[in-house]
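Okay, thanks for coming, everyone. Let me put the model up on the screen and walk you through a few spots in it.

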Amino acid sequence: MYTFDYQRPADRAAAAAAYKGEARFLAGGQSLIQAMKLRLSSSEVLVDLGGIADLKGIKVDAAGVTIGAMTTHASVAMSAEVQKAIPALAELAGGIGDQMVRNMGTIGGSVANADPAACYPAALLGLGATVQTSKRSIPADQFFTGLFETALQPGELITAVSFPIPQKAAYVKFKQPASRFALVGVFVSQGAGGVRVAVTGAKGSVFRCAELEAALGKSFTPEAAKAVSVPATDINSDMHGSAAYRAAMISVMASRAVAAALAR
């Protein structure tokens, strides 16, 4: 690990002031710290957000579910309010990594990291969420821009993520046994804005699947999802699964997600 200056501010203003030069925000550290240990990442300044109380918490009202950026996966998974309003979101959080990862990892850290196989990005796209930052509000459709890339500007801090409450939703992933990241994960929702289908683990970034959205918009059934043939263009291919395999799994996972959503 390279040397760095460690800062732990008590509020957002202090966090913004501490962000100087080649700085990074630390929002749980489940990915960043490991990368730093392996010298795959370095920062002159590490700004730990763990001491900022108003970045934590969950609020549920008629407008939707708003989760503070420093709220842990475990807190989302165990929240009775989230379980009632968007059970698919609570279940997704409960399936991230292992218990230690869920106790330390945060929604803001996961979203900002934008790992192509992470679960939360699928929830954001699949529900049409909005990322609240220290500077603006960013619709999920505009937030994820590429492999580990987002629309965030240097020093821009995620403060919360707001989710609309869908009529039906579910998330199903086929996970890599060791890492528990998704080889293919599909989040499906049906709401006032129609059907949304978000896929993680299959490309360099989370994406919406137009073919599945069109099919499920006509018939929100497992059979309709399973009948869709997703093109293997730009789909990941590696030692864990070929592009053709992952493309086929997208329809299978979508079918299971729709079945789970209808079963609630």
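A quick word on names before we start: helices (H or I, at least four residues) and strands (E, at least two) are DSSP runs, numbered from the N terminus. Now the housekeeping. What you see is a predicted model, so to speak of local features we need pLDDT of at least 70, side-chain atom pairs count only at pLDDT 80 or more, and totals for chains, interfaces and linings use all residues. Residues are numbered from 1 along each chain as its sequence is written, and side-chain values use heavy atoms, with hydrogens and water left out.

Let's begin with helix α8. One more term here: buried means under 20% relative accessible area, exposed means over 50%, and partly exposed is in between (1.4 Å probe, protein chains only). Helix α8 covers residues 120-127, and eight of its eight residues are buried, so the rest of the structure largely encloses it. That list runs through Tyr120, Pro121, Ala122, Ala123, Leu124, Leu125, Gly126 and Leu127. After α8 comes Gly128, with a positive phi near 70 degrees.

Ala114 isn't a glycine, yet its phi is positive, about 55 degrees. Its relative accessibility is 4%, so Ala114 counts as buried. Phe148 is another residue other than glycine with a positive phi, near 55 degrees. You'll find Phe148 in the loop between β8 (144-146) and β9. With a relative accessible area of 43%, Phe148 is partly exposed.

Next, the pockets. Which of them gives the most to the lining? That's α7, with five residues.

On to the rings. Rings of Phe, Tyr and Trp (its six-membered ring) pair if their centres lie within 6.5 Å; planes under 30 degrees apart count as stacked, over 60 as edge-to-face, and the rest as tilted. Searching the whole structure turns up three aromatic pairs. One of them is Tyr19 with Phe25, a tilted pair at 4.9 Å centre to centre and 35 degrees between the planes. Tyr19 has 24% relative accessibility, so it counts as partly exposed. Phe143 and Phe144 make an edge-to-face pair, 5.0 Å centre to centre with 85 degrees between the planes. Both Phe143 and Phe144 are buried.

What about the cysteines? We call it a disulfide when a pair of cysteine sulfur atoms is within 2.5 Å. By that rule, the count is zero. Cys119 is in no disulfide, and the nearest cysteine sulfur, that of Cys209, is 18 Å away. Cys119 is buried at 6% relative accessible area, and Cys209 is buried at 1%.

Thr72 is in the loop between β5 (64-68) and α3 (73-78), and with 17% relative accessibility Thr72 counts as buried. Not counting residues up to four places away in sequence, Thr72 touches Arg102, Asn103, Met104, Gly105 and Thr106. Thr200 belongs to strand β13 (residues 194-200), and Thr200 is buried with a relative accessible area of 1%. Leaving aside neighbours within four places in sequence, the contacts of Thr200 include Pro116, Ala117, Ala118, Ala122 and Tyr171. Notice Ala122 in that list: that's one of the buried residues of α8, where we began.

Key. Contact = heavy atoms within 4.5 Å.
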